Amino acid sequence: MRILVVEDEPKTGDYLKKGLTESGFVVDLARDGREGLHLAEEGGHDLIVLDVMLPGLDGWQVLHRLREGRGTPVIFLTARDGLDDRIKGLELGADDYLVKPFAFAELVARIRTLLRRGPLREADQLAIDDLCMDVPARRVTRGGERIHLTPREFALLHLLLRRQGEVLSRSQIASQVWDMNFDSDTNVVDVAIRRLRQKIGDPVPGRLIHAVRGMGYVCEWRP
């Protein structure tokens, strides 16, 4: 599960990133509201931990913008403990509200509770055309024939399948599959896509994985 933490206080932000990483999550950290909104709008996060008092854009503004197009669960984490603030946060669409100082164990428990909710459950079976992926079994077949993928290739295909119809930039793919930020001119994503296409029998121009000029890649069936 991937979590975005938006927190401008350096010690708190670093503490949250370290603690949540040690708890088994992949964590991105933004230091201000504008950066947090940008990362959130790129997608791929299962939950957002959002401070209210932020430079650039405050937490209220970030949440308002997010709720215009995304339903990613949001936990407000803030020193503002007034009833009016809590009501405002919940009315804007926050899923939970935790006041500083907080017990880290309680934050983790609230995160896991939100992530267990039905709509966030990831599908065990993914498919496009005659290509099928059994996620728990780590098994991929096409036309009933087994396809052997490396762990990285499996992760790449998994991302493309669960985000079918979405154009994913190279930086989005790199951050979620390799958990790293690559320079924009790197060809590592292009090379990985080319190898994956070969293995699943989808040569260029292909019917499953498509390059979108100047943007990235999209997975969708095209006859």
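Visitor: What makes the sheet open, and what is its strand order?
Guide: The order of this open sheet of 4 strands is 6-7-8-9, with antiparallel pairing. Strand 6 (125-128) and strand 9 (145-147) are the edges: each has a single partner strand, so one side of each lacks a neighbour in the sheet. From one strand to the next, the twist averages 25°. This is a predicted model, where local features need pLDDT of at least 70, side-chain atom pairs count only at pLDDT 80 or more, and totals for chains, interfaces and linings use all residues. Residues are numbered from 1 along each chain as its sequence is written, and side-chain values use heavy atoms, without hydrogens and water.

Visitor: How do you know that strand 7 and strand 8 pair?
Guide: Pairing requires at least two bridges found by DSSP. Strand 7 (residues 131-134) and strand 8 (residues 139-142) have 4 bridges in the antiparallel sense, so they count as a pair. Leu 131 stands opposite Arg 142 in strand 8.

Visitor: Why is helix 3 called roughly parallel to helix 4?
Guide: Helix 3 (residues 59-66) and helix 4 (residues 83-92) pack at about 20°, with axes 9 Å apart. Roughly parallel means an angle under 35 degrees, so helix 3 is roughly parallel to helix 4.

Visitor: Which residues of helix 3 and helix 4 meet?
Guide: With contact meaning heavy atoms within 4.5 Å, Trp 60, Leu 63 and His 64 in helix 3 meet Asp 85, Lys 88, Gly 89 and Leu 92 in helix 4.

Definitions and conventions. Axes fitted to C-alpha atoms, helices over the stretch in contact; angles between N-to-C directions. Helix = DSSP H or I, 4+ residues; strand = E, 2+ residues; numbered from the N terminus. Parallel < 35°, antiparallel > 145°, perpendicular 65-115°, else oblique.
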